[in-house]
Amino acid sequence: MRRSRCQINVEDVGKIFSKNSATGTMEVEVLRDVNMYVWPGEMVCLLGPSGCGKTTLINILAGFEKTTRGKIFLDGSEVSGPGPDRGVVFQEDALFPWFNAWQNIAYGLRQKRVPRKEIERRVKMFIDMIGLQGFSHYFPDQLSGGMKQRVALARVLAISPTILLMDEPFAALDYQTRKSMHELLLDLWQNLQQTILFVTHDVEEALLLAGRIYIMSARPGTILQEIPIPFPWPRTQDILTETEFVSYKKSIFNLLKAQCVASHAL
Amino acid sequence: MLSFILPVAILLLWFFVTATNRVPEYILPGPVTLAKGGFDFFFGSLDLSPYSGTFWQHALASSKRVTTGFLLATILGVPTGIAAGNYPRFERILDPLIQAIRSIPGIGWLPLAMVWFGIGMKTAVFLIALAAFFPIYLNSMHGAKQVRLIWKRSALMLGAGPCAILTTVVLPGAMPSIVSGLRTGMGLSWAYVVLGELTGVPDGLGAVIMDARMLGQVQIILIGMISIALVGRLSDRLLLLLLRSVAWRKEMV
């Protein structure tokens, strides 16, 4: 079965939030019949309009929230609850403000009781990889937004998760910083052969990074379409202006526009 | 410069009304009498009074009571506060009772404390621990509630267990609030040590001012009050230094 060969497998996942109010219980269906998978070493983007339940899906995959229906399989076995096999990079700043960059990156390794020498070696390696040499002793509030997200990335990569879940990690950054983060991520992905599921609402970002894109519908979110992206690796910003890239961008834009219209019509 | 205008004016007025005997010495002694008495209280040997050089002994007695009571309040207040802030169920069990006890003013406990513990060290320590407990508990609880969900989730996905989350996320996340609770608690401890010592204990700064009242030594009352302020301020500084040395970051304190 395909399930066992995939890194992560999402089967018929549905999520309904119920809120208790004065008038009774209100139910909001956020996800419906979500089916998707990610191969080992693949970078897949989940692209959808805002409010379609992307973050909810990431929270479910990370184990922070329970599914109402359906199951999640990691390397063929079902998972529930959070664990270091699924690293998360959040959209907001989620670094521990009382630890400096070095301590933030070392956190996961310390929890694993990795020997000190080995922690030092790995943390140094990742600080070099994210290009923050000389910033080890800086605390999060002394770092720029881009630097913080670099540390957040290094902090999860350091524990070598089976899959890296990224929830619009660069959405809050300015254009230039976002571009350099894309280059860094593409580099790291190739060097470490890390499996990545990347959530975004930015079509260009998805096309630049992904080997495959899942398009999500408006709420209740479900997978509308799976689109393989054929651009060769290694990719650089140069492909952004190529005709094929632009035509992909146009057709995905139109798909998403239809979703926006649909959600406004509701 | 502006900040000196008012104190200097008051000092001059004080000197004027006492030097001209418009206000008699037994109501308000003049600045010179006060300074002399203060020097004698701290260093002795100026004139032979029962208070000569006794500051250190009294300050030490009060400090012992404050330290014991404050430590008790901290040991009880920080863990229960953190637990109540972190576990809503624990809060629902514990908080209503604590809030009910809190509505009794601390001073109202004095007679009962005297019945239970008699006069002396135990009563003072009980009153201090009781009074300092509430701000320490409340601020620790508030601090633990302020800990962002995303920090806990980060720790979880990085492999932290429940214990590690308490010590590496909740405690440091609540730290700034805990510190302000401890400082308020320390301030209250000095207020309540005076209350505890007003009831006829032989030593302590509170005992000194009560004793001086009975002997009509107004300058000693004032000197005692100033001494309590000084020692209280010093203890706040020491507490800050201590907390800074154990905090994850000194900016947190």
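A residue is called buried here when its relative accessible area is under 20%. By that criterion, buried residues make up 48% of the 253 residues in chain B. The structure is a predicted model, and chain B contains 10 helices and 0 strands.

**Overall form of chain B**
- Along the sequence, chain B reads α-α-α-α-α-α-α-α-α-α.
- Chain B is more spread out than a compact globule, because its radius of gyration is 23 Å, well over the 18 Å that the globule rule gives for 253 residues.
- Taken along the principal axes, the box filled by the C-alpha atoms of chain B is roughly 75 × 50 × 30 Å.
- Among contacts in chain B with a separation of 6 or more, 67% join residues 24 or more positions apart.

**Helix 7 and its surroundings**
- Helix 7 of chain B spans residues 149-157, and its buried residues include Ile150(B), Trp151(B) and Arg153(B).
- Ser154(B), Ala155(B) and Met157(B) of helix 7 are buried as well.
- In chain A, the buried residues of helix 7 of chain B pack against helix 1 (54-62), strand 6 (86-89), helix 2 (101-111) and helix 4 (145-157).
- Within chain B, the buried residues of helix 7 pack against helix 8 (162-197).

Technical notes. Residues numbered from 1 in each chain as written. Chains lettered and ligands numbered in written order. Predicted model: local features only at pLDDT ≥ 70, side-chain atom pairs only at ≥ 80, totals over all residues. Heavy atoms only, no water. Helix = DSSP H or I, 4+ residues; strand = E, 2+ residues; numbered from the N terminus. Rg over C-alpha atoms; globule rule 2.2 N^0.38 Å. Buried < 20%, exposed > 50% of the residue type's maximum accessible area, 1.4 Å probe, protein only. Contact = heavy atoms within 4.5 Å.
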